[in-house]
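Dear colleague,

I am passing on the structure below, together with notes on what a search of it turned up. Please read the notes with the coordinates open beside them.

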Amino acid sequence: MKTLSHLLILVTLIMVPTNKGAVAMDDSRNTPLPAIGLALGSGGAGGLAHIAMLRVFDDLGVKPAGIAGTSIGAVIGALYAAGLSAAEIEEIFTEFGGSSLDVLSRLITPNAELTLTALLKIGNDGGAFDPGGFLEFLADKVEARRFEDLAIPLKVVATDYWTGKTVVLDQGDLFSAVQASMAVPGLFSPVQHDQQLLIDGGTSNPLPFDLLLKSHDLVVAIDVSRSRTRPEDQQVDSLDLLLGSFTMMQQSIIAARMEATQPDIYIKPEIHDIRMLHFNRIEEVLEQAKPAASELKSRLLKYQKNEE
């Protein structure tokens, strides 16, 4: 009799579903999505389009199981991994984007109470500007200070200047890692990390979906590397030449990596006429990102229905 009771208990436990490997799902659907890895790429102010993509996850009630981010992707990825919603992140950048910053002429056009003038100080260590004020501004918005404090595992991508190799940061101080990932050469100072001198991760891995392939069932990559628009007068100023060349390099790296392996879902928002530092034009970026957000939502729903 005792053996029979034990057998009944065992059968009951086998039949009851467990939460092992569970992922968030849209309550209106019966089929959960697989564990999703989300790669957020480099792209300056055009990377504000990431917010529109995160809004899709929020609308579907889905949380990525892991995030990898480079440069602006690391910035926004850190905020999202810390527990902020897409709407809250949008509010932060709306507050921050009070002005347009021209690095070479250092002309600031303030049109809001909080401007880049107050957040970016003139740098003296390998960069035109010191992003310390900006990082402090972000840190005030979240409780997390270390990777270990995050609600979603996060990998932040930087590059070792001395070796040219990608450096993946996923433990220890969160905002020093973000600072390294966004250290665009010539604009922001590099970050010393042990024996490494870290610069913007976009110089080696601008769309780090490869970091998620082995550990996630479904990998989504958001490529926000910007396109270049030919002006009517055919003239290009020094700033656009500098940043445009940096973008071309990143696009070449992404293309080479995509030939070797690809994410399950690749989304590239078409963002036009937005320069790298136009954080004051967040509404325009999010408006332009709407078609890509719709595409992402459609493709996620297809996976949810097992149609892909």
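Which side-chain oxygen reaches to the backbone nitrogen of Phe175 at the start of α7? It belongs to Asp173, and the approach is to within 3.4 Å, inside the limit for a polar contact (a pair of N or O atoms within 3.5 Å, where within protein one must be able to donate a hydrogen and the other to accept it, and where residues adjacent in sequence count only if both atoms are side-chain atoms).

Before going further, some conventions: this is a predicted model, in which local features need pLDDT of at least 70 and side-chain atom pairs count only at pLDDT 80 or more, while totals for chains, interfaces and linings use all residues. Residues are numbered from 1 along each chain as its sequence is written, and side-chain values use heavy atoms, with hydrogens and water left out.

The chain as a whole

The secondary structure comes to ten helices and 13 strands, where helices (H or I, at least four residues) and strands (E, at least two) are DSSP runs numbered from the N terminus. Of the 308 residues, 49% count as buried; the term means under 20% relative accessible area, with exposed over 50% and partly exposed in between (1.4 Å probe, protein chains only). The chain exposes about 15200 Å², of which carbon and sulfur atoms supply 52%, the areas coming from the Shrake-Rupley method with a 1.4 Å probe and with only the protein chains shown counting as cover for residues. Among contacts (heavy atoms within 4.5 Å) between residues at least 6 apart in sequence, 71% join residues at least 24 apart.

Helix α7 is largely enclosed by the rest of the structure, because six of its eight residues are buried. Those buried residues are Leu174, Phe175, Ala177, Val178, Ala180 and Ser181.

The core and its aromatic residues

A nonpolar core is here a set of buried Ala, Val, Leu, Ile, Met, Phe, Trp, Tyr and Cys residues joined through side-chain atoms within 4.5 Å. The largest has 78 residues, and within it Phe93, Leu296 and Leu300 touch the most other members. A second, separate core of nine residues includes Ala68, Leu212, Ala221 and Met258. Phe93 itself is buried, with a relative accessible area of 0%, and, not counting residues up to four places away in sequence, touches Leu48, Ile51, Ile72, Val75, Ile76, Leu79, Phe134, Phe279 and Ile282.

The whole structure holds six aromatic pairs, that is, rings of Phe, Tyr and Trp (its six-membered ring) with centres within 6.5 Å, called stacked when the planes are under 30 degrees apart, edge-to-face when over 60 and tilted for the rest. The rings of Phe93 and Phe279 are stacked, because their centres are 6.3 Å apart and their planes lie at 25 degrees. This pair links distant parts of the chain, with Phe93 in helix α4 and Phe279 in the loop between β13 and α9, 186 residues apart. Phe279 is also buried, at 12% relative accessible area. Phe96 and Phe134 form a tilted pair, 4.7 Å centre to centre with 45 degrees between the planes, and this one joins helix α4 to helix α6 (residues 132–139) across 38 residues. Both Phe96 and Phe134 are buried, and together with Phe93, Phe137 and Phe279 they form one aromatic cluster.

Salt bridges

The search finds nine salt bridges, each a side-chain nitrogen of Lys or Arg within 4 Å of a carboxyl oxygen of Asp or Glu. In one of them, the closest N and O atoms of Arg55 and Glu90 are 2.4 Å apart; Arg55 lies in helix α2 (residues 49–60) and Glu90 in helix α4 (residues 86–96), 35 residues away. Arg55 is partly exposed at 29% relative accessibility, as is Glu90 at 24%. Another joins Lys155 and Asp170 (3.7 Å, N to O), linking strand β7 (residues 154–160) to the loop between β8 (166–169) and α7 (174–181).

Backbone points to check

Most residues other than glycine have a negative phi. Ser71, however, has a positive phi near 55 degrees; this residue is found in the loop between β2 (66–70) and α3 (72–81) and is buried, with a relative accessible area of 7%. Asp273 has a positive phi near 60 degrees and lies in the loop between β13 (265–267) and α9 (282–288).

With best wishes
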